[in-house]
Amino acid sequence: MGLSQNIKSIILFLMVLIEVLSSTYWQNTLSMNACRWLHFISAIGVVILLFSKTVYYGKGLTQYHWVSFILLLILCAWSIPKLNHLYLLNSLDFTHADMLPVIKIMCQRWISASGVYTLIPEIWGGVMPVYLPAMWIPFVPAILFDFDLRWITYGMLLISILVMLLSHRTFLGTLMIFILIGLWFDYVLNVRNETLVLAEEGVVYAYYIGLVISLYKKNVMATGILVALCMLSRYGIAFYSIALLLYYLKWDDKSKLVKYAVSATTTVVLLITVTGAWGNLSSFINLSGNYLSAISTNPNKYLTVMEEGLGFSSMAGIDHYTQVYWLQIILLVLVAVVMILTLKKNNQWYKLAWLKLTLVVFYNFIVIPYPYLIYTSVWVSIGILYFYVDHTPDNSLNLTNASTH
């Protein structure tokens with residue numbers, strides 16, 4: 001007999017806890033190589049547990065839903081004043097980090113109906129904006145209503161957590177994820193704050209949490225939209241999106257295939273059209289080549305990033321970045337192919353497992369492993385844990401009297 005589902009839930013929590021700690025606090029006490037291996041092994045552990053979670057037990061909302069909102073309010077009351085203080089202390093200066101300053105100019109140009117994807121002379125004497133449409137368009141409200149762009153990264157992350165809580169309220173699942181969320185926020189607020197102070201990556205975290213929710217809820221149209229948003233912010237799930245399309249073609253009726261294809265395609269076309277990005281498609285396709293060229297041109301610039309990143313490119317060294325890149329592509333294709341060949345019908349845990357494995361490969365073999373990038377994979381694990389915990393064959397872990405159906 002295998003492990004019971006409630007024991008698996010506890011193990012999953014521990015695996016995600018190791019993911020969080022190895023990408024945050026443990027880097028101050030353990031060697032980076034130890035953190036890299038702990039993070040990778042725990043992430044693979046999450047995937048293995050998902051592959052063994054083959055039964056769907058649908059449950060209603062529980063009587064403890066108020067716990068979710070109290071904890072969320074506590075998170076806001078704690079984090080918002082701290083973030084406001086950090087934003088006042090750290091102005092948006094492209095000499096510290098140019099991501100948000102570039103996005104700010106792109107948004108200003110879009111509002112004024114000028115060329116978004118043209119040279120920006122104000123930054124570094126001339127820099128080309130290369131951000132995919134779904135990465136920068138969410139920041140437009142900050143320009144329209146004149147507030148700090150960084151509230152968008154925080155706000156979208158917070159909204160995605162709220163939507164997750166509204167999707168499936170569980171007592172134990174809520175407690176578990178807020179332990180992890182609390183640890184993550186404490187680290188990025190008090191120890192290493194570039195994630196919410198200098199970076200735009202909170203938008204990506206939100207998209208992927210949304211994708212987890214839509215896959216879990218088996219909402220095909222929402223899945224198509226979220227897949228498109230994820231691809232138009234970070235292209236890491238390009239092969240996964242194709243595998244998902246073939247899954248719907250193989251296992252589901254034509255209506256689901258059409259919903260997925262139409263919603264994803266419509267979202268992509270709409271975003272590219274609205275943002276005026278049609279003329280920049282070749283640049284998007286060549287983004288990886290640009291990163292490889294940047295490393296070869298100025299390797300010393302990326303040495304610190306390599307040393308601080310969790311990815312295996314850091315272990316391979318700056319001289320082997322090209323090999324790491326091609327290994328990443330090969331592994332992503334392999335994951336997609338095996339997914340198509342083995343994916344079980346009507347099983348959202350398998351689809352979530354392959355999503356997680358895709359992100360493990362993408363972020364662990366990314367050639368420029370900025371520390372905050374891998375948090376996308378961590379947030380996916382947190383979202384998966386929330387839905388996983390309460391779906392056990394018995395109620396010993398649920399601490400609720402919700403009925404099954």
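A residue is called buried here when its relative accessible area is under 20%, exposed when over 50%, and partly exposed in between, computed with a 1.4 Å probe and protein chains only. The model is predicted, so local features need pLDDT of at least 70 and side-chain atom pairs count only at pLDDT 80 or more, while totals for chains, interfaces and linings use all residues. Residues are numbered from 1 along each chain as its sequence is written, and side-chain values use heavy atoms, with hydrogens and water left out.

Side chains of opposite charge can pair when their charged atoms come close. A salt bridge is taken as a side-chain nitrogen of Lys or Arg within 4 Å of a carboxyl oxygen of Asp or Glu. The structure contains six of them.

One of these joins Glu19 and Lys356, with the closest N and O atoms 2.9 Å apart. Glu19 belongs to helix α1 (residues 5-22) and Lys356 to helix α19 (residues 348-364), so the bridge ties together parts that are 337 residues apart in sequence. The helix labels follow DSSP runs numbered from the N terminus, with helices being H or I of at least four residues and strands being E of at least two. Glu19 has 0% relative accessibility and counts as buried; Lys356, also at 0%, is buried as well.

Another bridge pairs Glu200 with Arg234, where the closest N and O atoms are 3.5 Å apart. Glu200 sits in the loop between α9 (194-197) and α10 (202-217), and Arg234 in the loop between α11 (220-231) and α12 (238-251), so this pair ties together parts 34 residues apart in sequence. Both Glu200 and Arg234 are buried. Elsewhere, salt bridges with shared partners join Arg192, Glu194 and Glu308 into one network. Within it, the closest N and O atoms of Arg192 and Glu194 are 2.4 Å apart. Arg192 is partly exposed at 24% relative accessible area, whereas Glu194 is buried at 16%.

The surface also carries a nonpolar patch, whose residues include Phe239, Ile242, Val333 and Val338 and together have about 740 Å² of accessible area. Patch residues have over 30% relative accessible area and no salt bridge; nonpolar side chains (Val, Leu, Ile, Met, Phe, Trp, Tyr) are joined within 5 Å, and like charges within 9 Å. Areas come from the Shrake-Rupley method with a 1.4 Å probe, and for residues only the protein chains shown count as cover. The elements giving two or more residues to the patch are α12 and α18 (321-342), and α18 gives the most, with five. Val338 lies in helix α18 and is partly exposed, with a relative accessible area of 32%.
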